[in-house]
Amino acid sequence: MRKDNFFGLSAAVAVAAMMAAAGPALAQQQSPTLDELVTSGALPPVAERLPVNPMVVEGDSVGKYGGTWRMGLNGGGDNGLIVKTVAYDSLIRFDHEWKTAVPNLAESWEVNADATEFTFKLREGVKWSDGTPFTTADLAFAVEMYQDPDYAAGSWIDNKNNPVTLEVIDDYNFIFKFGKPNGMFIETLAGVDGIHITSLQKAYCSQFHPTYNENAAAEAEAAGFSSWALYLQDRCAWGWETIRYANPDLPSLNAWVIETPLTANAQRVTWTRNPYYWKTDVEGNQLPYIDNLDMRVSQGGVEELTLAALNGEIDFQERHIATTTNKPLFFDGQEAGDYHLGEVIPSASNTLVLQLNLNHLDPVKRELYQNKDFRIGISHAIDRQEIIDVVFTGQGEPFQVAPRPESTFYDEELAKQYTEFDPDLAAQHFEAAGLTERNGDGIYLASDGNPVKITVDVISALRPEWIDMLEIMQLQLAAAGVEIELNNIDRTLFYEKRPAGEFDAQVWAGDGGIEALQEPRYYFPFSDESVWAYRWAQWFNGTRPEIAEEPVDWAKEQMDLYNQVRAASTPEARAELFNQILAITKEQFPVIGVSLMPNSYSIIRNNLKNAPESMFNAWLFPTPASMDPTVWYFE
Amino acid sequence: MVGFIIQRFIAMLLTLVAVSIVAFAIIQLPPGDYLTSYIAALSATGDQVDPRVIENLRIQYGLGEPFYVQYFKWISGIVQGNFGHSFEWKRPVWELIWGRLGYSILLEGLAVIVMWFVALPIGIYAAVRKYSLGDYLATIGGFIGLAVPNFFFALILMYLAFTWFGTTLGGLFSPEFENARWSLPRVWDFLTHAWAPILVLSMAGTAELIRILRANLLDELKKPYVTTARAKGLPEWKVVLKYPVRLALNPLVSTIGWLLPALVSGSVIVSVVMNLPTAGPMLLRSLTTQDMYLAGAIILLLSVLTVIGTLISDILLALIDPRIRYGSK
């Protein structure tokens, strides 16, 4: 899509100032559904509900009010869809191209030179969905709650490596202060993690905390909870917790508020417009245009949702139903269902990342997996085109785990190295890795005399094509002299095995193809998701010191560089440092990829206007909420 | 008879205690606990969790305690009618399952009634008119019914309904009736939706019943008492219905005990596919997320249903077959 700077955040401040200046000049209007409430006096007039300087959202066309957006949740616990659709309203947000941060609840901000202090100015007069003003007191309360050990959360607010403190200047001005430089804080705040800070209203939530209500414990008990903390969590679940959407009383700042809550028995979760929503279109009409959301809850299977989409009963959706196998079906059904397909560019770079456990507890395996020649040999032994043809009907291209072509960090050499299928070259590399002897089946013998056999953990329930791909790879690698065994397991076990360190390899998709800088899990030992170097990652971020291991020098160098990235205050400096990290990744080749993740698609009803024909899809860039569904409308 | 029931009742209670221990142990067998799968879900959405946070939660939820302590807490709560809290939904378990169990029993109960109404006449017909055209049709139908998995039949039915009529079969109500109170229009709406799952759920059972009934009845029809009855000039329908059918029902009645738990567990995949708000999908999900009090409660209730069902079938058997009544003495 584009290769220029994705996170040009210095420009953000300028954009912020520009957008703040562009206030609405025209008459303010509201949805006809609210007219009667205003006439009867139950609701103040729209001018009083909107902030002094509402956020203006520009759509392709000015829309009209009304309608219900129908979609489907997969199973009861699908809070992910809700977050990605409704809940993305934080202090700042990303623009549609996922390049820079733009104002949202905050109308402007400044960053100091060493990226330790971030000064924000809130939009004046923004109100919660219950009509009470949104001020710095709410933010201070949220920080207090997140840092309360009894209200266990886990986010950047209570990140023990670099916790934030919030200094309130007045009702609308405040400063986030960090002990250490946090150069990527603006990206964090603009991404999905930003919603943590704006998810708790002090007026409502403080009534469950003993600091603000001395009867909190007794009231919790009366409500059937063993402690006030559990009751508080039940009523005021933070961020994107599932049960957050089970409490319709919880005030929010989002465009739609809960009408039928998400409970274990809900067959449908419905939402209605927030009369106090603080955004308008270019003509000053209060947003959103669409009055209601209707999410049918499937019982865990997506067959019914697929049929519903084909039948034109889904207005816009990508999640769950847009699978590779369903694509021909949806393509053929466009006319009958009165919808069309939009383009969705995934943020993942790779369809399958084979992560050999470089920190294996077995010294023989550890030495072998850490040998770069062994990994190169495996990579050359894979016939990627065959996999692409068989499993992905020709979609995609051979690709390593590297930033996608759409990313500023795209490097063709990194993306394409060792991807050609070449058994002779593979054999040479295996020999260089010390594998010379073979057994009767043609499998190489490791230094301890055992055949080289890699047990690959995979969760087929998550992506059924992984099993298909691995079965092909199994044959290809066996021909090259390496045996792989598929170990299809449940997710819980998959995660449980990591700290123990005795797994051979695990398989996942290539996260960090676009948001490489924020999600560098495959480029260096960054987080728990860097399964290939789990124990080195622990050394880096200090989460499980008991199993942390000192990394090899090149990984330490990358970690050092990444710490500099965090401290750098300009995007150019960060990009320069990150390119150095990627250069080391290219040199060391830690994980093996198969093919570029092909584009996905969305289902868009033909009468839905302003919806994106093309969008990125990522968790950190929560789609479609990041594409402003507030200005979508039905014709 | 009273002694017989009391004796069975005591055995029932002991069985339940044993089953509850086993159920609770089985749920705890997989590695990890609810919080592991919780972290897994968070990591998958891109979130990072501080291990200390998890440790706090583990203490809060009492997950760090040994098995017997957790079991004892759980079971003593249940004796007082408290099934514990669901971790995932942060709600009392009982509140979550009663509605779903209701739908399970309603749907499967209807399916059983349909099953018996369809299978009994066909089974009797197939036995009496052995090797007739009707018998062959029933046999072929029966084999297909047995061979096609329920969920697959459901998929076919949904596909056909979609391509032929342009409707999506699924759920139990239209949107406007989902949260309404029970009324005549709602009952009608329910029936217009429920016929499909009932058809699917009763199909395999019907086929099985036809085969069992036919085989049993064929055995009975050859016996001398039938010949005697016929020789004494009883009308043919009476000859068949009065004695051989009654005896042929014996194996059917004795499996009532399995019918009740099948009401809940037998329809898991069908419910997932057809989007039915029954207890099955909830059990499935609670097991994968290791929401142990929720899973434990459902499994325990299934066991209760089994033992109650067994008691009922024992009583029924004693009623229809004197040999069993005497045998118990």
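Two strands are said to pair if DSSP finds at least two bridges between them. Strands themselves (E, at least two residues) and helices (H or I, at least four) are DSSP runs, numbered from the N terminus. The structure described here is a predicted model, in which local features need pLDDT of at least 70, side-chain atom pairs count only at pLDDT 80 or more, and totals for chains, interfaces and linings use all residues. Residues are numbered from 1 along each chain as its sequence is written, chains are lettered from A and ligands numbered from 1 in the order in which they are written, and side-chain values use heavy atoms, with hydrogens and water left out.

E13(A) runs antiparallel to strand E20 (residues 600-605) of chain A, and two bridges join them. Within this pairing, A:Gln317 stands opposite A:Ile603 in E20(A).

Strand E14 (residues 339-346) of chain A holds A:His340. Contact here means heavy atoms within 4.5 Å. Not counting residues up to four places away in sequence, A:His340 touches A:Gln334, A:Ser602, A:Ile603, A:Ile604, A:Arg605, A:Asn606 and A:Glu613. With A:Glu613, the side chain of A:His340 makes a polar contact of 3.1 Å. Such a contact is a pair of N or O atoms within 3.5 Å; within protein, one must be able to donate a hydrogen and the other to accept it, and residues adjacent in sequence count only if both atoms are side-chain atoms. The C-alpha atoms of A:His340 and A:Phe330, ten residues apart along the chain, are separated by 8.6 Å.

Strand E6 (residues 117-122) and strand E8 (residues 173-178) of chain A pair in the antiparallel sense over five bridges, and A:Glu117 has A:Lys177 as its bridge partner in E8(A). Strand E7 (residues 164-168) of chain A is also antiparallel to E8(A), again with five bridges; here A:Thr165 stands opposite A:Lys177. Four residues lie between E7(A) and E8(A), which form a hairpin.

Salt bridges come next, each being a side-chain nitrogen of Lys or Arg within 4 Å of a carboxyl oxygen of Asp or Glu. For burial, the cut-offs are under 20% relative accessible area for buried and over 50% for exposed, with partly exposed in between (1.4 Å probe, protein chains only). A:Asp315 counts as buried because its relative accessibility is 2%, whereas A:Arg70, at 26%, is partly exposed. A network of salt bridges links A:Arg70, A:Asp315 and A:Arg605.

A second salt bridge, of 3.2 Å from N to O, brings together the side chains of A:Asp504 and A:Lys365. A:Asp504 lies in the loop between H19 and strand E18 (505-508) of chain A and A:Lys365 in helix H13 (residues 363-370) of chain A, so the pair ties together parts that are 139 residues apart in sequence. A:Asp504 is buried at 5%, and A:Lys365 is partly exposed at 25%.

The two chains also meet each other. Chain A and chain B bury about 4,500 Å² between them, 54% of it on carbon and sulfur atoms; buried area is the accessible area (1.4 Å probe) that two parts lose on being put together, summed over both. The contact takes 52 residues from chain A and 55 residues from chain B. Two salt bridges cross this interface, among them that of A:Asp234 with B:Arg91, whose closest N and O atoms are 3.2 Å apart. A:Asp234 belongs to H9(A) and is buried. Eight of the eight residues of helix H9 (residues 228-235) of chain A are buried, so the helix is largely enclosed by the rest of the structure.
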